[in-house]
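Subject: Structure handover

Hello,

Here is the structure I said I would pass on. My notes on it follow below.

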Amino acid sequence: MTALLRSLHTAVPPTVLHQERVRDALAAQPGLTRLGQRLVTAAFNASGIERRHSVVREWESEGSDAGRSAPSAGSGSGLFFEPDTGHILNPSTGARNAVYTEHAGDLYEEAAAGALADCPDLSREDISHVITVSCTGFFSPGPDYQLVRRLGLQATTKRMHLGFMGCYAALPALREAAAICEADPAAVVLVVSVELCSVHVRVANDQDTIVGASLFSDGAGAAVVTGAERPRPPVPAAGAPARPALRLDGFATVLTPVGEDAMAWNIGDHGFEMILGTYVPHIIDDHITGALEPLFAADRASDRASQPPLASRPPAELEHWAIHPGGRSILDRVQARLGLSDAQLVPARDTLRDYGNMSSATVLFVLQQILEGAGAAGANGANGAGSDGERVCAMAFGPGLTVESALMTVVS
């Protein structure tokens, strides 16, 4: 691949969901059985999440005063939460999608504008392609169209929307952006993912619904991808922070031999319904090594660096891991199976703790931590951006069970 991920920018809505308060509110719902209440407590306590974000502003009331104060305006007062009783309501899929339509555009624009601002050598007129990603709502003209209008991009901007693919969809979007830049070195591709999972929260006694309610949240991530040969800004003056990029070296897609029924995302009468079987971590544990084999076998960057090929090295020797935090148990299984250090899991675990699972946008949050050098920078086992030439492996999991992966190299 001859493409660079030049910038990453993320955005979240202002409403903060504190995990303990949401747990207590959900466990107190009148429709739950005793088993359902125990499942809520267990799922929330084991999630590895402290806080999440939501576009549903009614949850602000629940979080601040256990549901006794009047809900904030926006998202339809009393649509999701009844403040007088503390009951979580069950709006129709149409009503939920209307909330998505109302709020998604602002997050698309915020994330995209931030990613563009981080590339001062590029103007909005330089954007040749827009790729948008989402699996939590639908409208047309869609977010790809909205971004062209809202950002004032050229009317000839080529557009694509990847819809309803699930948690792994940001990596196919980056793969498509890299392919575009490889075919056209002058191309500048804006990739933006927005997921509003919280509009689909429901009260139910089944384990899949409860686990989904404990994990999923709202957020947006955007990236600017250009050809590697496109001129970049001059080296910053002494004392100015360097802005690293990620060279997109390769991508792989693998369908595990089992798991088609273990993870799915369906449209119901009262929101989208997540199937997230408890066996998913076991499937990932059994097949993650095989899923990485085609990615590592096709890698040629190690040859250029006069290093042994990745296929012949332990995974832990690859410096940085951007693993989609589908849940704490998934991260635990991946870490144990690949022999990764605690420090290599810091970007994924920190993202899960502070933001929850934002479906396709989540891996962009993890990559941003690595790219910006969040935490302790250094060599092998560090979660910072590190030095020029260090490698990054990104992985995301979704319906199918599908494993999408990518290899990248830090370029300073």
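Arg247 is partly exposed, with a relative accessible area of 22%. Please keep in mind that this is a predicted model. Arg247 pairs with Asp249 in a salt bridge, with 2.6 Å between the closest N and O atoms. Asp249 counts as buried, at 13% relative accessibility.

Other salt bridges

The whole structure contains 17 salt bridges. One of them joins the side chains of Arg6 and Asp121, at 2.7 Å from N to O. Arg6 is buried, with a relative accessible area of 4%, whereas Asp121 is partly exposed at 31%.

Asp285 and Arg333 form another salt bridge, and their closest N and O atoms are 3.2 Å apart. This pair links distant parts of the chain, with Asp285 in helix α8 and Arg333 in helix α10, 48 residues apart. Asp285 is buried, with a relative accessible area of 13%. Arg333 has a relative accessibility of 28% and counts as partly exposed.

There is also a network of salt bridges, which links Glu50, Arg51, Asp350, Arg353 and Asp354.

Nonpolar core

The largest nonpolar core has 122 residues. Leu174, Trp321, Ile323, Met395 and Phe397 are the residues with the most contacts inside it. Helix α4 (residues 93–117) gives the largest share of this core, 9 residues.

If neighbours within four places in sequence are set aside, what is Leu174 in contact with? The list is Leu5, Val191, Ala223, Val225, Leu248, Phe251, Leu364 and Met408.

Second largest pocket

The second largest pocket holds about 360 Å³ of space. Its lining is made of 20 residues, and Ala43, Val211, Leu215, Thr278 and Ser329 lie nearest the centre. The elements that give two or more residues to this lining are α2 (34–45), α7 (207–215), α8 (280–297) and α10 (328–338). Helix α7 provides the largest share, 5 residues. By class, the lining of this pocket has 11 nonpolar, 8 polar and 1 charged residues. Helices α8 and α10, which both contribute to this pocket, are also the helices that hold Asp285 and Arg333.

Cavities

The count comes to 6 cavities of 30 Å³ or more. The largest cavity has a volume of about 150 Å³. It is lined by 13 residues, and those nearest its centre are His200, Val201, Gly212, Ala213 and Met274. Both α7 and β12 (271–276) supply at least two residues of this lining. The largest share, 4 residues, comes from α7. The lining of the largest cavity divides into 7 nonpolar, 3 polar and 3 charged residues.

The second largest cavity holds about 90 Å³ of space. Its lining consists of Leu17, Val22, Leu26, Arg52, Trp59, Ile88, Ser198, Val201, Ala213 and Phe216. By class, that lining has 8 nonpolar residues, 1 polar and 1 charged. Val201 and Ala213 line both the largest cavity and the second largest cavity.

Helix α7 gives the largest share of the lining in the second largest pocket and in the largest cavity.

Regards

Note on methods:
Residues numbered from 1 in each chain as written. Predicted model: local features only at pLDDT ≥ 70, side-chain atom pairs only at ≥ 80, totals over all residues. Heavy atoms only, no water. Core = buried A, V, L, I, M, F, W, Y, C linked by side-chain atoms within 4.5 Å. Buried < 20%, exposed > 50% of the residue type's maximum accessible area, 1.4 Å probe, protein only. Contact = heavy atoms within 4.5 Å. 1 Å grid on protein atoms, 1.4 Å probe; cavity = no way out; pocket = protein on both sides within 12 Å on 5 of 7 lines; lining within 4 Å. Points joined across faces, edges and corners; volume = space filled by probe spheres on them. Nonpolar A, V, L, I, M, F, W, Y, C, P; charged D, E, K, R; others polar. Salt bridge = Lys/Arg side-chain N within 4 Å of Asp/Glu carboxyl O.
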